[in-house]
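This report walks through one protein chain, from a few single residues to the chain as a whole. Please look over the sequence and the structure before reading on.

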Amino acid sequence: MTPTPTGKPRTRVHVVSDVHGNARDLARAGDGADALVCLGDLVLFLDYADHSRGIFPDLFGKENADRIVELRTARRFEEARAFGARLWTGVGQDRAALIEKAVRRQYAELFAAFPSPTYATYGNVDIPTLWSEYAGPGTTVLDGQRVEIGGWTFGFVGGGLRTPMRTPYELSDEEYAAKIEAVGEVDVLCTHIPPEVPELVYDTVARRFERGSRALLEAIRRTRPRYSLFGHVHQPLVSRMRIGATECVNVGHFAGRGRPWVLEW
């Protein structure tokens, strides 16, 4: 904490989301902050901006990555799944084991880059069961839970809602709503996905609406937190807007921008 002109301590928190393998910048993300908050999606399975990066192209090459991105962007999800299934058949090894091995390599590097203290929740592409193995003593993992930072209460809800993409940590609307309810009234509501507002869920590059949470939107209107912070949508139509008394902020695609969003009070 740093003193203000009045002599009162000031708290500075840096917030990141959608890290997607960017360990280099993550190691500096907490510089000058009292704490780092991470809203998930540590894993880089496939970089939609650079199809040569990620677990998928490492296994199958850039040309196949180009093709699966083309199919997914066109929302031809069944064709994308069939194409992926053919590729995996040709590998001749256990799919889950190969993915887990690659994810573990990424997690080892990324969790080592977290400063202390870090407060983190899962994204939809993360594998929650592995986090306890890599989170050091300076990293607190929260999901449907609260913590106090600098006198403010922060609530955390991880994961995403079910989609045709079938990413690893997708929940039913009912499961997600229960976690939102468990958090209750907080000063800062931290989630991976945004509230269900068209301007916040539309990705201008992917040219599609991602899934946001109606339960989250209702909680914002009902409990009126100071801030609702989230990520998930990499290139949102609107990155910041007010809903009643709450400032809603997409903290940015950290993998691409390499710098955190800053919250001070």
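## Backbone with positive phi

His232 lies in the loop between β14 and β15; helices (H or I, at least four residues) and strands (E, at least two) are DSSP runs, numbered from the N terminus. The model is predicted, so local features need pLDDT of at least 70 and side-chain atom pairs count only at pLDDT 80 or more, while totals for chains, interfaces and linings use all residues. Residues are numbered from 1 along each chain as its sequence is written, and side-chain values use heavy atoms, with hydrogens and water left out.

The phi of His232 is near 75 degrees, a positive value in a residue other than glycine. Because its relative accessibility is 14%, His232 counts as buried; the term means under 20% relative accessible area, with exposed meaning over 50% and partly exposed in between (1.4 Å probe, protein chains only). Asp41, in the loop between β4 and α2, also has a positive phi, near 60 degrees. Its relative accessibility is 3%, so Asp41 counts as buried. Most residues other than glycine have a negative phi, and most peptide bonds are trans. A peptide bond that is cis runs from Ser116 to Pro117, with omega near 5 degrees. Pro117 is in the loop between α5 (95-113) and β5 (118-120).

## The loop between β4 and α2

Asp47 is found in the loop between β4 (35-38) and α2 (55-60). Asp47 counts as buried because its relative accessibility is 14%.

## Helix α9 and what follows

Helix α9 covers residues 214-223, and its buried residues are Ala215, Leu216, Leu217, Ala219, Ile220 and Thr223. An α-helix has 3.6 residues a turn, so residues three or four places apart point the same way. The cover over the buried residues of α9 includes α7 (173-183), β11 (188-191), β14 (227-230), β15 (240-243) and β16 (246-250). At the start of α9, a side-chain oxygen of Ser213 comes within 3.2 Å of the backbone nitrogen of Ala215.

After α9 comes Arg224, with a positive phi near 55 degrees. Arg224 sits in the loop between α9 and β14. Is Arg224 buried or exposed? Its relative accessibility is 53%, so Arg224 counts as exposed. Not counting residues up to four places away in sequence, Arg224 touches Ala219, Ala245 and Thr246, where contact means heavy atoms within 4.5 Å. Arg224 and Glu174 are 50 residues apart in sequence, and their C-alpha atoms are 21 Å apart.

## Two buried positions

Val13 belongs to strand β3 (residues 12-16). It is buried, because its relative accessible area is 0%. Leaving aside neighbours within four places in sequence, Val13 is in contact with Ala35, Val37, Ile149, Trp261, Val262, Leu263 and Trp265. From Val13 to Val37 the separation is 24 residues in sequence and 7.1 Å between C-alpha atoms.

Lys179 is part of helix α7. With 13% relative accessibility, Lys179 counts as buried. Its side chain makes a polar contact with the side chain of Tyr169, at 3.2 Å. Apart from residues up to four places away in sequence, Lys179 touches Asp143, Gly144, Val157, Gly158, Tyr169 and Leu171.

## The chain as a whole

The secondary structure comes to ten helices and 17 strands. Of the 265 residues, 53% count as buried. Among contacts between residues at least 6 apart in sequence, 56% join residues at least 24 apart. Along its principal axes the C-alpha trace spans about 65 × 35 × 30 Å. The chain has a radius of gyration of 18 Å, which agrees with the value near 18 Å for a compact globule of 265 residues; the radius is taken over C-alpha atoms, and the globule rule is 2.2 Å times the number of residues to the power 0.38.

Definitions and conventions. A polar contact is a pair of N or O atoms within 3.5 Å; within protein, one must be able to donate a hydrogen and the other to accept it, and residues adjacent in sequence count only if both atoms are side-chain atoms.
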